[in-house]
Amino acid sequence: MRVQGVADLLLDENNVAQVARPGTSLARPATGAAASGSSSPAVRPMSTAGRPLTGFARPGTGAARPGTTSGGRGPGTAAGAVQAAMRGAKPGTARPVTTSGRFVRLGTASLAAEPGGPFINAERLDLRKYAARPNLARVLCDYIVYVDHNMRKALELAAAATQACGYEDWWWKARLGKAYYQLGLLRDAEQQLASSLRNQARARGRRPRLGAPSAILFVGPDARGSGVAGEGRMTDYAEGEGGCAAAAGAASASSRCRTDPAAAAEMVATVMELAKVHLRLDQPGAALSLYGDAAPRQPWEPGLLLGAARVHDAMGQGEEALRLYQQVLSLDASSVEAIACLASHHFYSGQPEVALRYFRRLLQMGVSGAELWCNTGLACFYAGQIDMALPCFERALAAADDGAAPDVWYNLSQVAIGIGDASWAQQCLRLAVSLEPGHAEAWNNLAARSLLRTGCARGPHVFEAHYNAALLAWRRGDYQDAWERVGAALAAFPGHTESQELRRLLRAELMAL
Amino acid sequence: MLGRGDHQHSGGATLQRSTFSLQTRTASGGGDPLRPLWLDAWSDPVAGLSAFSGCMHTCNLFGDGDWRLVVADADKKLKVWKGTQKASEHALLDAPVALTSFTPDGPPPRVPVLAVASGCHVFMFKGLKPFYKFALPLLPCSGEEEQLWQQLDSGSLNPTSACASLAALRDAGMPLSGRGAELLASAAARGEGGAAAFVADSRGQPLGRQSSITCMDAVCQSVDETGAPSCLVLGTEDGRLLILNSAGTAVQHTFVLGCAPSFLALSGTLEAGLKLSATTRDGRLHTLRVGEAGVQPVQLEAQPVGLVRTSNAALVGVMSDVVHCYGGRAGCTRQYSLPQPAPILCMQLLATHTSRLVKCLIVALANGDVRVYHERALVSTHTTAAAAPVMGLVFGRYAREDNTLVTLTRGGGLDIKIMPRTANLEATSAHSGPPPEQDVPLPVPTKTRLYVEQTQRERESAVDMHRLFQRDLVKARLATARALVRVLTDGRGAASHAGGANLSMSASVEGLGPRFRLVLSVTNEGGTAVGGLAVVLRASKQQLVVPLLVPLLQYELRVDIRCLQPAGGAGEVRLVMVPAKGGAPLMSALVRMPLSEPDDVM
Amino acid sequence: MKRCNATTATADAVADTAAWRIQESLRLFQQATALNPHNVLNLKQVGRSLALLGKHRQAVDVYQEAQKLSPDDWELWYSRGLCLSHLKDQQDSALECFGCANAIQPNDGTYIQIGQILAARDQLSAAIDNYGEALQQSPESPELLTALGLLLLRAGDSQRAFDQLGASLLHEPRGARAILAAGSIIQDHGDHDAALVKYRVAAVVEPHCPQLWNNIGMAFFGKQARRYIAAISCLSRALYLAPFEWLTAHNLGLAYLAAGQAASAFQHLSAAVNLKPDFAPSYMLLAVALERLQDPDNARAACERALQLDPREPLVHLNCAVMLHNQGDGAGAAARLAAFRELSAEPEEAARLAADPEVEEAAAALELALGQRG
């Protein structure tokens, strides 16, 4: 899932249901029963949409979709939704307006850097002529898709070629599906990809033809594992585009395919693309059933399980996701995403020693970065290995850039609070807020009244800030202010018993004669 | 019509008893007090009725034994339901306030008369045809006002000064008569001429104050039975309770409450032990008996929302989500309270007309629950369809069934439930033991073997771990302090403590590009105002003058910039805050600009 | 006509208040009062709106105005008392107003307010009497029963406190505060299993309450089977939820010490003394931990501090004696042991210490060891 542009979010015509039933839409993850144990906002930081903020950051799931949070606060909603859409996943960044435009620019930007002009000018090609030569057409299509990013031309070529081979070739249908997806014609993409899958199933037992080489042609950004930070603000494992993982998956699938050709029915790449389309259409159930269908036929493929686990995570079904991550680990012992998610789950369920073991594994694998060192340090501290905690933090600080440093300082302040040194904790928190003025949790912990106001404004998901402000207002006797703040706190975390209690007291004050 | 739940209904029109034999679920309610007590008879979610409990009533309109439901709807119509269909609709002259029926004294068979109260009149219908209109008697106005009018009529006082004295009387708190109020209004509207014209027009009209009806009920005269002769009881806006005579033509008894009654409930009969309970708008509960002096009313702690009387107690629901029971000789002692989990919407009395006369309380809550209490025990609870809040409840006979609960929900739905004869209302107190959560074992966080191994390691090398940790702690504290000083004084961060000031700033981007707007918000967290600052943009060398920064206010500065090379990717812009006269930077913010939208895409 | 406008204004204002738009409702009530100055209800509402906005002094003035018109209205006395109680220097007048309100019409809310003010001033017996009177009016109010129980607990009368809390739980079996208090009394009397059963209900009602997990942890710690790991995990959870609770940190340090993990114990005990520098047992335990971590100088310093803070506590003397003996200071140990014997001879201390057989064992062992040295 890539980051969606502003226009794609706000002017989305592909929503199936305006008000989806709980548990069937990515916009409304299932809450209630799931808000216990490690997925409760009282234990683990959650965003306003109910998804955990810490863990593994994937593009597209950072910020909540606008319009799902406040819901009907009056005339301000429309403007609020646009502003929310413009806000990017990380504070201080903005979303791109559209995603297809971005690809065009990426394409032209890379070409502009080359001397001598473009290699192939797709605009001037006679696509019909090339469609008749299947092998050349395939390579050309891949070039246009992956290097030129000119989806319209690729679509034309693929359409011509599909026609030329009588609508039987799964490869062209898969490319058609990809082109439609990039252009935003999701229903057509779904159709093409599903039809491609059916063709693949019919071609059971035959070796995949040019699918494997063309998948290797694409060298996309690698999964740059850069560590996961600790409690409070777990930041990114930046994930490459889904295609990259799919490419790796396809390569591995095709390599395993040679050992057992009868069993491998579909290309994992196509399955994952179709699942991506389903998720874009906000149909997580369809994506899950697709994964569930394809997984038994590809028992050695961790990519499908990983995709399914991500969907479960996005829907707030943490337990299911964990089970799948463990299966992924048993298949692929170096899957960074699975290790990170399992580690953060164990950390928040009160088993920091297991989390520590996972983080150590990541370090041994060679993944390193400020976030990972910070997480390891926190896990050491909470697991009782206090002698190793602070050196990890030292390394984290050394490796931290401006983006990760505030979180490292914030987590160091947690260590300081753990040993009871309030002044040191305050220094760390001040460092965190001076490096990043929008760090809501740090403002909350500094807990001065004016600072709480900033905290509330900057971090609407941090329910503690709202609750603290409400409590202070109540003690002052300003019930109006307290009522508004406790409403905001309950909007962020409806199950917070102290906020409910405060609201009950305020209501009693109002109802008394 | 729409059926409910899993019960089979014939598509026919009338509410047949035979359909209920198909239902195998009998709600005996005996050992398990929380089993539903009611059988669903019929429901219509789009009946289009909108009325409160006071405007709903079931009565034997035509004397044929087939009781009908009469609803005085808010759109000034009287709707009559027979069985499962609306039988007829009649227009009312005015918005209805209350609806009930009473049986005038006379030879049997006695047909009940339907009474609709609106404004200051009670409209009585016999067999759904208008029968009589009772008007509240005028209240006498005060002596001073009478004198004024006498003087006005005789001409010894001119209208202007009359208006002035009337206004003075009103400001002193004396209620004026209708004529006096109109005089003041016409004087305000049309000046002296209007006042004089009004005085001329209204000469000779009766002088008095018209009150209006707030609530209404019916009380039996001698025998507490259906069909026995009964009289109407009215509550008026000026704080009185009036009991009419059996024919409904004149006032028999009057009680003075002092404030307008909001709810009315009675028990007993007129001739033997009538007890009236009334709640007034100022939050008091009055208990009255015929012929006795009134006792001190009970002050409730919140506004009342419902009132029900059993033989010797009054049950009041208040806005703080509690039902209190007041009993005792004078009706003032609080016997028990029933806290509710949600705000109370309606309350109604459940008096079974079967073997034993058992009186229970029905409470409808805002979360859609409808609970039945017998004394202090909760007998049953059920939820309305879609948890819709209940607007009005009535319990009584309907369509040959003795114990029916008719519910109107918000949205216009009508729901009819029947209580079977075998229902046991006298369940003992539900849970005397510990609550069921006690069986859930404690969710103690589990520890793994890994943990146990690590504790072993600690036990073995505790001394070393301790020493290492303390040493690292000192180093870490030093590093933190150094970093803090550096960040705060060298102006690289987004907060500054230089010069004793306490400032912070953050930046965000607006716009689609290539023209952007940077919004910089600056806050002064310190105690004194800070001035003489400017913000410099490193990219474009623009300079913004920062106004005087008053503590605790947030300032927003806007600067427009333009991306010169939209196709070249995104860049960064650094904003630095410096003293206007020059010097070391105080703080800076780095903004990562987004990609500009190319003009041809948009 | 003007009165009609006043009524409409009042109706709008009430609607605004119910929707928590207090500023607008205040404006409308003030309008209504301007039109109809003698209406006590309007004045009351103006006062209440001001109070809800936090402007307590102005509200008090308005209530005084209203009281001129209607001197016998208990609500005016109550509301005035409420506003005065928010003003720090007016607590006595607040109590007077509440007393007048109760004289006219007794009300649960008034008693609770009086109780809160008295409890905040540490006038515990007066507060207890107040709640006793309140319970005569409404004997089944779980709120009053819980408040009285907590006060009695604070005053030290745990038997009566337990009765009151039990009565409160009878009427409201899911009251978390009552469960916690009742459970802690049960634990004090040594029946940890019963306390754990009681805490189950609270764990379902309020699963993230730090005090609950603290109590559960200590219940596990106190059981005969000494389930240290369970105790430590519960206490860690409590500390995670509320990092500034010094008592939880102290308990966790104690648990770690008993489990033999001196480094973690030291860390948490130092947190405890940072958070509450005047609690002697923390220093005592800190001394023990330091001694096990082979830091004798600091251990001795901690001992001194503990003795300084609470010289009458026999356990401090005993632990110091053990520590000094381990460091080889026989004379000092003997002196401390003698002090311990003297203090534990007092009747109430003897009763308390008799409950823990380990104390006597440790004292006897120390005597034996010292006797060997001569």
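Domain bounds here come from an automatic or database domain assignment. This is a predicted model, in which local features need pLDDT of at least 70 and side-chain atom pairs count only at pLDDT 80 or more, while totals for chains, interfaces and linings use all residues. Residues are numbered from 1 along each chain as its sequence is written, chains are lettered from A and ligands numbered from 1 in the order in which they are written, and side-chain values use heavy atoms, with hydrogens and water left out.

**Chain B.** Select 143–201 for domain 1, 449–479 for domain 2 and 495–592 for domain 3. The C-alpha centres of domains 1 and 2 of chain B are 93 Å apart.

**From chain B to chain A.** Next select B:R477 and A:D421, which form a salt bridge with the closest N and O atoms 2.6 Å apart. The pair runs between chains, from helix α5 (residues 462–490) of chain B to the loop between α19 and α20 (422–435) of chain A. A salt bridge is a side-chain nitrogen of Lys or Arg within 4 Å of a carboxyl oxygen of Asp or Glu. Over all chains the structure holds 37 salt bridges.

**Chain A against chain C.** Show both chains: 27 residues of chain A are in contact with 28 residues of chain C (heavy atoms within 4.5 Å). The two chains bury about 2,500 Å² between them, 58% of it on carbon and sulfur atoms. Buried area is the accessible area (1.4 Å probe) lost on putting two parts together, summed over both.

On chain A, colour α19 (405–419), α23 (463–476), α24 (479–492) and α25 (497–511); each supplies at least two residues of the side that touches chain C. Of the elements, α25(A) gives the most to that side, with five residues. Helices are DSSP runs (H or I, at least four residues), numbered from the N terminus.

**The disulfide in chain C.** Finally, select C:C303 and C:C320, joined by a disulfide with an S to S distance of 2.3 Å. C:C303 sits in helix α18 (residues 296–309) and C:C320 in helix α19 (residues 314–327) of chain C, so the pair ties together parts 17 residues apart in sequence. The S-S torsion is about -120°, so the disulfide is left-handed. The structure holds one disulfide over all chains (cysteine sulfur atoms within 2.5 Å).
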